[in-house]
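Subject: Structure handover and notes

Hello,

Here is the structure for you to open alongside this message. My notes follow below it.

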Amino acid sequence: MKVTIIHGQNHKGSTYNIAHKLAEKTGGEITEFFLPKDFDEFCCGCTNCFIDSETKCPHYKKLTPVTNAIDEADLLIFASPVYAYHVSGAMKALLDHYAYRWIVHSPEASMFTKQAVCISTAAGAGMKSTIKDMADSLWYWGVAKIYKYGIAVSATSYEGISEKKKKQIEKKTDSLAKKIVKRNGKVKPGFKTKAMFFMMHLLQKNGWNPRDVNYWKEKGWTDKVRPWK
């Protein structure tokens with residue numbers, strides 16, 4: 001199993017430790033990126049990725065290592081501490097660059113057979129809305145199975161977390177890792193994702209954006225081909 005972790009921060013705090021702990025428990029080969037260290041660009045709204053090609057994005061070369069790691073992974077882990085009840089700015093900036101991959105445009109076929117986990121921590125609250133920021137993008141990418149784990153750690157560092165909380169974290173990451181390993185290579189999109197795909201399958205036969213229309217036709221998705229088995 002190949003695991004790609006996208007950390008929404010550079011420092012190695014509570015969110016980092018939980019994400020890395022989970023990845024290690026799956027026994028997979030881990031590739032990880034830290035934001036903004038490994039990608040620090042903001043989407044400039046040029047629309048090249050939508051209208052022409054993602055290769056025309058001004059940040060394409062810098063983004064390519066991240067994109068390749070995401071595409072090659074069996075498991076994606078997106079992890080961000082709570083920043084004002086949302087993901088970090090660096091995480092949001094990265095996700096903005098992949099809007100062209102949403103199901104309504106030109107999704108990457110491999111997403112429909114992947115698993116993903118969205119992780120967030122805070123000293124107090126805000127995990128639900130922070131996780132939603134990441135999970136929304138992953139769902140619109142077509143990721144087949146998305147797990148969510150948020151926990152209020154009541155501390156500002158991993159070392160400061162109580163032993164009781166750490167036992168909860170161990171138990172949860174054990175449970176998640178077992179589910180992920182068991183389902184590796186066997187996941188399929190749920191009804192909601194398939195319904196969205198089918199709707200776009202109809203719309204892209206005569207869509208408004210030539211790039212998307214051509215993409216869907218080249219994949220055979222406007223006919224009977226599907227990106228899952």
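Helix 5 has a kink of about 25°, and the kink is centred on Asp133. The bend at a residue is the angle between axes fitted to the seven residues ending there and the seven starting there. Helices (H or I, at least four residues) and strands (E, at least two) are DSSP runs, numbered from the N terminus.

Before the rest, a word on the source. This is a predicted model, in which local features need pLDDT of at least 70, side-chain atom pairs count only at pLDDT 80 or more, and totals for chains, interfaces and linings use all residues. Residues are numbered from 1 along each chain as its sequence is written, and side-chain values use heavy atoms, with hydrogens and water left out.

Helix 5

Helix 5 consists of 15 residues and reaches 21 Å from its first C-alpha to its last, close to the 21 Å expected at 1.5 Å a residue. The expected span is 1.5 Å times one less than the number of residues. Which residues of helix 5 are buried? They are Met127, Thr130, Ile131, Met134, Ala135, Ser137, Leu138, Trp139 and Trp141. Buried means under 20% relative accessible area, exposed over 50%, and partly exposed in between (1.4 Å probe, protein chains only). As background, an α-helix has 3.6 residues a turn, so residues three or four places apart point the same way. The cover over the buried residues of helix 5 includes helix 3, strand 3, helix 4, strand 4, strand 5 and helix 7 (191-203). After helix 5 comes Gly142, which has a positive phi, near 105°.

Strand 4 (residues 115-122) is mostly covered, with eight of its eight residues buried. On one side these are Gln115, Val117, Ile119 and Thr121, and on the other Ala116, Cys118, Ser120 and Ala122, so that both faces are covered.

What does strand 4 pair with? Strand 3 (residues 75-79) runs parallel to strand 4, and five bridges join the two. Two strands pair if DSSP finds at least two bridges between them. Phe78 has Cys118 in strand 4 as its bridge partner. Between strand 3 and strand 4 the chain passes through helix 4 (residues 89-96), and this β-α-β crossover is right-handed. A crossover is right-handed if, with the strands pointing away from the viewer, the path from the first strand over the helix to the second runs clockwise.

Strand 5 (residues 145-152) is also parallel to strand 4, and eight bridges join them. Here Ile119 stands opposite Tyr149 in strand 5. The chain goes from strand 4 through helix 5 (residues 127-141) to strand 5, again in a right-handed β-α-β crossover.

Salt bridges

How many salt bridges does the structure hold? There are twelve. A salt bridge is a side-chain nitrogen of Lys or Arg within 4 Å of a carboxyl oxygen of Asp or Glu.

One of them joins Lys21 to Glu170, with the closest N and O atoms 2.8 Å apart. This pair links distant parts of the chain, as Lys21 is in helix 1 (residues 14-26) and Glu170 in helix 6 (residues 163-183), 149 residues apart. Lys21 is buried, at a relative accessible area of 18%, whereas Glu170 is partly exposed, at 31%.

Glu170 also meets Lys25 in a salt bridge (2.7 Å, N to O). Because Lys25 lies in helix 1 and Glu170 in helix 6, the pair ties together parts that are 145 residues apart in sequence. Lys25 is partly exposed, with a relative accessible area of 27%.

Asp71 and Arg101 form another salt bridge, their closest N and O atoms being 2.7 Å apart. Asp71 lies in helix 3 and Arg101 in the loop between helix 4 and strand 4, so the pair ties together parts 30 residues apart in sequence. Asp71 is partly exposed, with a relative accessible area of 22%, while Arg101 counts as buried at 8% relative accessibility. Salt bridges that share partners join Lys21, Lys25, Glu170 and Asp174 into one network.

Helix 8

In helix 8 (residues 210-219), Arg211, Asp212, Val213, Tyr215 and Trp216 are buried. These residues pack against helix 2 (48-51) and helix 7. Gly220 follows helix 8, and its phi is positive, near 80°.

Regards

How values were computed: Contact means heavy atoms within 4.5 Å.
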